[in-house]
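Try each task before you read its solution.

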Amino acid sequence: MPCDGRPASAGVSRLKPGLQPETGLTLYIVYTGRHKLHATDHVLLEGCPFVVEEVPARAEIILSALQAAGLGPLVEPADHGLAPILAVHDAGFVDFLRQAYAESARSGEAGPVFPWTFANRHIQRKPKGTLGLRGYYAFGFGSPILEGTWTAAYWSAQCALTAAGLVRAGEPAAYALCRPPGHHAAADLYGGFCYLNNAAIVARCLQAGATVPIAILDVDYHHGNGTQIIFYSDPTVLYCSLHVHPDQDYPFYWGEAGERGEGPGAGANLNWPLPKGTGDAAYLATLDQALAAIRAFAPRYLVVSAGFDVAAGDPVGGFAISAAGFHEIGARIADLDLPTVIVQEGGYRLDRLGEYAVAFLTGAASPPRSGGSRDLQA
Ligand SMILES: [Zn+2]
């Protein structure tokens with residue numbers, strides 16, 4: 001099913017009928033409990049405990065907070081099938097993700113699938129078989145493949161596609177509570193807790209095979225290397241990212257300001273690397289530069305990679321954004337007055353994750369303050 005309208009009624013069910021938004025704001029939240037099949041709370045590497053901060057509790061905490069704040073309606077994703085995923089990702093890569101766990105289990109290996117080697121700069125061949133392909137397709141140890149990983153990643157993408165369908169049908173904004181996240185995954189590369197690039201899948205789907213201009217704004221603490229790679233030579237998709245400088249933190253190999261796209265995509269990739277410890281004022285000033293670039297690009301749709309790991313005290317991040325800062329980031333995005341699909345990326349400070357999600361999304365779902373069509377509808 002293409003993301004060209006509202007999902008079928010069977011795919012949209014108000015999980016909490018009768019919920020009255022206390023905020024007075026309407027923001028569709030697309031969520032499925034299937035993410036819990038990718039349970040990274042306890043994984044082992046060579047028999048030793050291995051910490052992955054990207055745990056199911058993240059999505060549950062965000063969902064509970066959004067419901068308590070009265071945001072909604074809450075809907076389940078419709079199944080758009082594999083086609084929109086294959087519009088972004090390499091078919092062999094998708095086959096690998098689907099089959100890696102089962103193939104490893106059949107060969108007698110118990111537990112999560114981790115890379116053994118990595119495809120470094122000097123490799124001579126693409127290996128055959130899961131054992132070698134693990135490291136060919138991965139760029140780090142942060143994305144173990146568990147028994148339910150493919151199912152969770154597939155439905156995470158379906159959440160994003162369903163949110164895209166709602167926006168194409170006329171909603172000013174919709175939020176996909178995606179887990180696992182996606183912005184580190186490229187067409188044939190996974191890592192950084194990511195397997196399928198939900199933001200890129202949404203962008204391609206919104207284009208519907210045409211050259212519709214799309215802007216992607218990535219406000220996760222980390223550079224969205226996967227999204228950058230996917231659209232690096234594409235002039236129809238503007239990628240704007242604010243993130244920690246790659247000399248200071250993950251993903252290290254991408255994210256410099258000088259990476260501006262190539263070929264016909266030259267100038268359509270804009271990076272704003274920031275120092276660790278960046279707080280609200282400096283962040284918002286930089287965000288304004290990105291928003292100005294998006295306005296100048298005049299996209300038909302905006303896709304936001306929303307990562308809450310820019311928060312002060314995030315165990316994986318290193319910025320110092322406050323709850324008020326999150327609200328203002330969301331409000332400035334709303335001021336663009338663009339049809340907006342928001343997909344969840346990182347965010348690991350479990351004790352305040354819900355508060356940050358509510359702050360950001362109530363800002364993003366508010367009418368633009370600078371005037372525009374949404375003011376008139378309000
Ligand atoms: Zn992140």
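The model is a predicted one, in which local features need pLDDT of at least 70, side-chain atom pairs count only at pLDDT 80 or more, and totals for chains, interfaces and linings use all residues. Residues are numbered from 1 along each chain as its sequence is written, and side-chain values use heavy atoms, with hydrogens and water left out.

**Exercise 1. Rings around F139**

Task: Describe the aromatic pairs that F139 forms with Y250 and with W254.

Solution. 

Step 1. F139 sits in the loop between α4 (130-137) and α5 (149-168), and Y250 in the loop between β7 and β8, 111 residues apart. Helices (H or I, at least four residues) and strands (E, at least two) are DSSP runs, numbered from the N terminus. Y250 is partly exposed, at a relative accessible area of 23%.

Step 2. Now take F139 and W254: the centres are 5.6 Å apart and the planes stand at 80°, so this pair is edge-to-face. W254 belongs to the loop between β7 and β8, so the pair ties F139 to a part of the chain 115 residues away in sequence. Both F139 and W254 are buried.

Step 3. Look at the backbone beside Y250: a cis peptide bond joins Y250 and P251, with omega about 10°. Another cis peptide bond, between G72 and P73, also has omega of about 10°.

**Exercise 2. The zinc site**

Task: Which protein residues are the donors of the zinc ion, and how are they spaced along the chain?

Solution. 

Step 1. Apply the cut-off: donors are N, O and S atoms within 2.8 Å of the metal (3.2 Å for Na, K and Ca), and water is not among the atoms, so sites may look incomplete. The protein donors are D220 (OD), H222 (ND1) and D309 (OD), at 2.0 to 2.1 Å from the zinc ion.

Step 2. Write their spacing as D-x1-H-x86-D. D220 lies in the loop between β6 (214-218) and α7 (225-231), while D309 lies in the loop between β9 (301-306) and α9 (323-334), 89 residues apart.

Step 3. Check the accessibility: D220 is buried at 1%, and D309 is buried at 0%.

**Exercise 3. Inside the nonpolar core**

Task: Which residues touch the most other members of the largest nonpolar core?

Solution. 

Step 1. Define the set: a nonpolar core consists of buried Ala, Val, Leu, Ile, Met, Phe, Trp, Tyr and Cys residues joined through side-chain atoms within 4.5 Å. In the largest core, of 58 residues, L217 and F360 touch the most other members. Helix α10 (residues 353-364) gives the largest share of this core, 8 residues.

Step 2. Follow L242, a residue of strand β7 that is buried at 0% relative accessibility.

**Exercise 4. Polar partners of D234**

Task: Is D234 buried or exposed, and which side chains make polar contacts with the side chain of D234?

Solution. 

Step 1. D234, in the loop between α7 and β7, counts as buried at 11% relative accessibility.

Step 2. A polar contact is a pair of N or O atoms within 3.5 Å; within protein, one must be able to donate a hydrogen and the other to accept it, and residues adjacent in sequence count only if both atoms are side-chain atoms. The side chain of D234 makes such contacts with the side chains of R204 (2.7 Å) and T236 (2.6 Å).

Note on methods
Buried < 20%, exposed > 50% of the residue type's maximum accessible area, 1.4 Å probe, protein only. Phe/Tyr/Trp six-rings, centres within 6.5 Å; stacked < 30°, edge-to-face > 60°.
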